[in-house]
Amino acid sequence: MVRHRVHRPATREFSLANGLRVVLAPQPESPTASVWVWYRVGSVNEHPGITGASHWVEHMLFQGSPRYGKGEIDRAVIRVGGELNAFTGTDFTAYFTTVPREHLEIPLDIESDRMTRALITDTEVARERTVIHSEREGNENWPEFRVEEELYQLAFREHPYRWDALGRRRDIETMSAEQLRAYYRRFYGTRNAVLVIAGGFDGTRTAAEVRRRFGPLPPTGDDVRVRESEPGQRGERRAELAGPGTTPYLQVGFRAPALGEDATPATMFLDTVLGGETRLFTTGSGWGRSAEHPSSRLYRGLVDTGIAVRATSEWPPRVYPGLFTVQAQAAAGVSLDRLESALLRLLDRLARDGPTAQEMAESRTKMRRATLLAYEGASRTGFRLGYFSVLKSPRLEDEIFDGLLRVTAREVRDRAAQLFAADQRTVVRYRPTGEGNGS
Amino acid sequence: MVAESHDPLRFRYLDPLDGLRVVYQPPPPGAASVTATYVGPAGWGFDAPGEEGAARLVSQLVTSAAGPYNRVELARRLDRAGGTLTRQCAPESAEITVWGPADAWEELLRLLSLAVLEPRFDPEDVERARRQLVERQLREAAQPAQRAERELLRSIFPSGHPYRTTGTGSPRSLRRLGRARLARFHAEHFTGEGGLLVVTGPAGPEKIRAAARRRFSSFPRAKGPELRLPRPRAIEPVRHTIALAGRSQVDVRLGGPSLARGDVRFPAAFLANEILGGRPLLSRLFQRVRERGGLAYHASSELEAMRLGGYWVAAAGTGADRWKKVVPMLEDELRKLREASPTTAELDLIRESAVGEVPLSLESTSEAHELAVDAAYHGLPEDHWVRWPSVLRQVRPAEVRDAARAAFGALGAATVVAGPVGGPGRGKPSGG
């Protein structure tokens with residue numbers, strides 16, 4: 001029984017005969033309309049040889065269809081002042097377009113077209129290959145990316161979470177246009193999609209328009225469930241990378257539950273106590289993490305004490321069991337050993353003593369306050385409704401929120417003791433070589 | 001139809017408080033938050049010689065601990081109100097912004113006033129901020145994008161120019177900046193005179209005026225400092241290539257000095273930049289370098305028009321084997337922008353896109369707030385954003401070309417290339 005609910009715009013939800021799920025959130029006063037299509041397709045649906053396919057297909061869906069020539073999707077939206085983009089994660093891919101409300105028909109036309117009719121031509125795939133390479137190269141310039149990629153590769157041996165959504169370099173070099181077309185034909189389609197529309201529109205008229213545009217699409221999209229499961233971890237794993245950079249940096253990952261499992265509220269609480277906030281319940285004005293959190297455990301224990309210049313935790317919500325990570329960047333002159341032992345001591349203390357009553361109260365307040373502004377604006381509304389809908393339904397947010405307000409300090413402590421067990425951790429350290437900084 | 005008094009595109013200048021300009025902006029319809037910003041003449045252009053880094057440290061420290069609250073207690077107060085306190089430092093000014101639920105607006109404004117007027121500069125906070133800025137200095141040297149940006153500014157502005165640096169200072173200058181010097185910088189630069197307070201939220205102008213009088217009337221009466229720019233001078237068309245081994249991507253920057261925001265040619269120069277690389281997905285740089293050339297993930301340009309002057313930058317991130325193709329493309333597009341007027345069709349497309357995006361800025365209080373801060377900081381009329389579409393629609397193609405000549409490269413341009421310029425040279429993991 002859910003007692004505490006998040007205050008969010010009223011929604012109208014329905015499914016079409018072809019399997020497409022639709023969520024409408026009319027906000028009559030909004031000057032904009034935001035259209036989101038979330039596909040339950042991400043890098044978990046890939047395999048070695050085609051890692052990065054989901055992300056590459058995402059790029060190709062902007063490159064045209066029989067109805068929209070190359071560049072015409074961008075032009076159609078941007079000429080009216082709209083914005084559009086997409087992002088690919090491990091578990092899903094999302095496309096969004098926000099336009100002045102009177103132009104809602106533009107994104108509806110684009111999305112209904114490219115859901116099944118995107119052209120993925122050999123020529124465009126060849127040209128996009130270097131663009132994808134370049135995107136990966138830009139990420140590789142950051143030690144943080146290299147460490148995270150290594151961390152997941154080390155922590156997972158079977159499950160597809162072991163590669164990044166950008167894909168492996170080798171696969172980007174060799175994947176063919178036909179492989180991308182096959183991937184798109186197999187997974188993209190009405191059965192794996194959720195359409196979310198938020199903002200200034202009439203619900204009844206828009207529902208009819210959605211049926212008219214998306215109703216005739218064939219019921220496509222293979223089962224996306226992942227069969228591989230990751231065997232239990234039996235002992236610590238670690239690696240050390242070396243390369244250009246500023247100061248020593250490390251990430252520690254712990255095997256963590258999937259979003260929606262019973263342990264979800266306690267894990268989110270741990271994230272908030274350690275790092276100051278948890279994804280989906282952040283007080284920042286953006287969608288991701290906000291600024292520094294000086295009252296958090298990691299900040300007080302590592303940054304205030306002069307050991308680190310940055311320290312935070314993260315539990316990215318995932319469909320399958322993933323990782324809870326803790327990361328820290330050393331202050332100049334602090335060694336990796338000192339940084340790591342201080343960080344692990346801090347985690348041990350939390351696992352032994354649990355959070356204080358003050359930390360519990362403050363975390364609850366933060367989460368409660370964060371939900372007040374979570375639905376400001378059509379774009380944010382579309383994002384948030386889509387996120388929970390693609391995982392389950394908008395009500396999933398209420399279930400988690402309710403759990404967050406009920407969880408006890410003891411449960412959080414028990415969770416920490418289980419999560420931060422030494423034999424469940426993976427450590428990747430980055431040692432800056434101090435060379436190659438030019439002149 | 002939104003009544004004028006509730007139109008977030010129209011802000012209102014309220015009566016100044018001892019020189020502090022106060023602005024009220026109605027929130028966008030349906031918005032649930034409040035945003036307030038103090039802007040002071042506290043940018044790094046004011047850093048004294050040998051004390052570089054002072055402005056950045058001070059803007060960080062005012063958001064750390066203030067009035068009766070140490071760093072942890074201030075964070076807790078903000079958390080309780082559901083708010084965040086952030087800062088932004090630039091060459092000419094520093095901005096301190098508070099954002100949070102509308103029902104907590106009085107408490108949030110109180111916390112903002114404490115930060116602006118009564119920062120504590122606790123010794124342990126000063127040490128921490130200094131450590132963080134040292135790491136940022138290292139990052140500017142080590143990361144190709146930041147390094148290219150830093151070297152470009154050094155190449156296009158002479159020694160002593162306020163725009164020449166990124167304000168991070170050096171390890172030596174930071175060592176000199178003790179508590180007393182930072183407190184002095186704060187007293188001289190977080191002033192009423194020359195300062196600006198902008199509040200966006202549902203409280204209404206009367207309540208905001210009263211709250212501002214209560215919270216922000218204790219500034220010292222001293223006049224805020226003024227920044228002066230050296231006379232503009234032509235720059236050498238140099239190209240710096242900085243080899244940073246072990247990275248994957250090469251970052252390219254091409255840029256030069258440009259116009260101030262108050263220049264009458266600014267609207268045309270704004271459109272020129274949108275055509276060159278400012279407008280996402282449609283710009284010439286994006287189309288040529290990424291969409292047709294397939295050479296880079298990003299290619300764009302930016303026109304940084306400030307109160308006294310400005311600069312422009314064209315940027316791309318590309319591979320070690322591709323940057324030699326990308327640099328001539330950036331140079332060529334710059335040349336074409338300066339030589340020929342855009343076609344009416346191209347100008348119309350870009351212009352209508354810029355006009356159409358204004359409603360998108362009204363999705364949230366914080367986005368609408370940025371419009372008001374920008375216009376009020378530059379002393380623009382209260383209905384500036386209402387009139388902006390017609391201002392843009394009056395610009396003719398030849399005016400775009402003329403403005404491009406004045407704003408993009410009139411004094412020359414420099415190019416900086418930073419990254420694995422000698423080849424891919426990827427760092428290999430060791431150990432494991």
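**Figure 1. Antiparallel pairing of strands β8 and β10 in chain B of the predicted model****.** Strand β8 (residues 249–258) of chain B runs antiparallel to β10(B), and 10 bridges join the two. Within this pair, V252(B) stands opposite A316(B), a residue of β10(B). Strands of a sheet pair through backbone hydrogen bonds, in either a parallel or an antiparallel manner.

**Figure 2. The open sheet of chain B that contains β8 and β10****.** The sheet is built of 5 strands in the order β7-β11-β8-β10-β9 (chain B), and the pairing is mixed. At its edges stand β7 (239–243) and β9 of chain B; each has a single partner strand, so one side of each is left without a neighbour in the sheet. On average, neighbouring strands of this sheet are turned by 15 degrees against each other, direction ignored.

**Figure 3. Helices in contact with the sheet of chain B****.** Helix α4 (residues 122–140) of chain A packs on the sheet and touches β8, β9 and β10 of chain B. The direction of this chain A helix makes about 105 degrees with that of β10(B). From chain B itself, α5(B) lies across β7, β8, β10 and β11 (414–419) of chain B. The angle of α5(B) to β8(B) is about 25 degrees.

**Figure 4. Contact between domain 1 and domain 2 of chain B****.** Chain B is divided into domain 1 (7–215) and domain 2 (239–419). The centres of these two domains, taken over C-alpha atoms, are separated by 26 Å. In the contact, 35 residues of domain 1 of chain B meet 39 residues of domain 2 of chain B. On the side of domain 1 of chain B that touches domain 2 of chain B, the elements giving two or more residues are β1 (12–17), β2 (20–25), β3 (33–40), α5 (144–156) and β6 (196–200) of chain B. The largest share of that side, 9 residues, comes from α5(B). By class, the domain 1 side has 21 nonpolar, 7 polar and 7 charged residues.

**Figure 5. Surroundings of R307(B)****.** R307(B) is found in the loop between β9 (296–305) and β10 (310–319) of chain B. With 17 other C-beta atoms within 10 Å, R307(B) is partly exposed. Leaving aside neighbours within four places in sequence, R307(B) is in contact with E92(B), A260(B), R261(B) and H378(B). R307(B) and E92(B) are 215 residues apart along the chain, while their C-alpha atoms are separated by 7.8 Å.

**Figure 6. Contact between chain B and chain A****.** The contact takes 68 residues from chain B and 67 residues from chain A. Helix α4 (residues 123–142) of chain B supplies the largest share of the side of chain B that touches chain A, 10 residues. By class, this side of chain B has 29 nonpolar, 22 polar and 17 charged residues.

Figure 7. Taken along the principal axes, the C-alpha atoms of chain B fill a box of roughly 60 × 60 × 50 Å. Buried residues make up 57% of the 432 residues in chain B. Of the contacts in chain B with a separation of 6 or more, 79% are between residues 24 or more positions apart.

Terms used. Residues are numbered from 1 along each chain as its sequence is written. Chains are lettered from A and ligands numbered from 1 in the order in which they are written. This is a predicted model: local features need pLDDT of at least 70, side-chain atom pairs count only at pLDDT 80 or more; totals for chains, interfaces and linings use all residues. Two residues are in contact if their C-beta atoms, placed from the backbone, lie within 7 Å. Helices (H or I, at least four residues) and strands (E, at least two) are DSSP runs, numbered from the N terminus. Ala, Val, Leu, Ile, Met, Phe, Trp, Tyr, Cys and Pro count as nonpolar, Asp, Glu, Lys and Arg as charged, and the others, Gly among them, as polar. Domain bounds come from an automatic or database domain assignment. A residue is buried if 20 or more other C-beta atoms lie within 10 Å of its own, exposed if 12 or fewer, and partly exposed in between; C-beta atoms are placed from the backbone. Two strands pair if DSSP finds at least two bridges between them. Axes are lines fitted to C-alpha atoms, for helices over the stretch in contact, and angles run from 0 to 180 degrees between N-to-C directions.
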